[in-house]
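Visitor: I have the sequence and the model open side by side. Could you take me through them with care?

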Amino acid sequence: MGIPMIAGPGSIATVMLVTSRNHGLHLMIVLGALAAVLATTLVSLLAAGPIMRVLGDKLEAMITRILGVLLAALAAQYVIDGVKASFG
């Protein structure tokens with residue numbers, strides 16, 4: 001699930017848009033920020049396994065269910081916002 005969020009169409013489009021609008025020093029700052037985000041993501045993904053082993057199976061299942069409910073709520077809200085924008 002992490003890969004589509006890291007290198008999905010939204011991420012790629014955002015990087016393309018931001019880099020096309022910046023040149024010179026500003027472009028280096030944008031690329032530095034991108035490198036910092038990728039490094040932070042790498043550390044997070046590498047630490048996820050050991051952290052989940054410490055938390056245990058029950059807590060992992062609970063976290064997964066809570067995040068699933070949040071994801072479903074966000075998806076429903078996006079649909080509602082889309083319908084409102086289309087008809088309202």
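Guide: A term first: buried means under 20% relative accessible area, exposed means over 50%, and partly exposed lies in between, with a 1.4 Å probe and protein chains only. This is a predicted model, in which local features need pLDDT of at least 70 and side-chain atom pairs count only at pLDDT 80 or more, while totals for chains, interfaces and linings use all residues. Residues are numbered from 1 along each chain as its sequence is written, and side-chain values use heavy atoms, with hydrogens and water left out.

Visitor: Is K58 buried or exposed?
Guide: K58 sits in helix α4, residues 57–87, where helices (H or I, at least four residues) and strands (E, at least two) are DSSP runs numbered from the N terminus. Its relative accessible area is 76%, so K58 is exposed.

Visitor: What share of the 88 residues in the protein chain is buried?
Guide: The protein chain holds 4 helices and 0 strands, and its C-alpha atoms fill a box of roughly 50 × 45 × 15 Å along the principal axes. Of the 88 residues, the buried ones make up 1%.

Visitor: Which end-to-end distance do the C-alpha atoms of α3 show, against what the 31 residues should span?
Guide: The expected span of a helix is 1.5 Å times one less than its number of residues. For the 31 residues of α3 that rule gives 45 Å, and the model agrees, because the end C-alpha atoms are apart by 44 Å.

Visitor: Where in α3 does the kink lie?
Guide: The bend at a residue is the angle between axes fitted to the seven residues ending there and the seven starting there. In α3 the kink is about 35° and comes shortly before the proline P50, at A48.

Visitor: Which residue just after α3 takes a positive phi?
Guide: The elements of the protein chain run α-α-α-α from the N terminus on. Just after α3, a positive phi of about 95° is taken by G56.

Visitor: How far apart are the C-alpha atoms of K58 and G10?
Guide: Along the chain, K58 and G10 are 48 residues apart. Their C-alpha atoms are separated by 33 Å.
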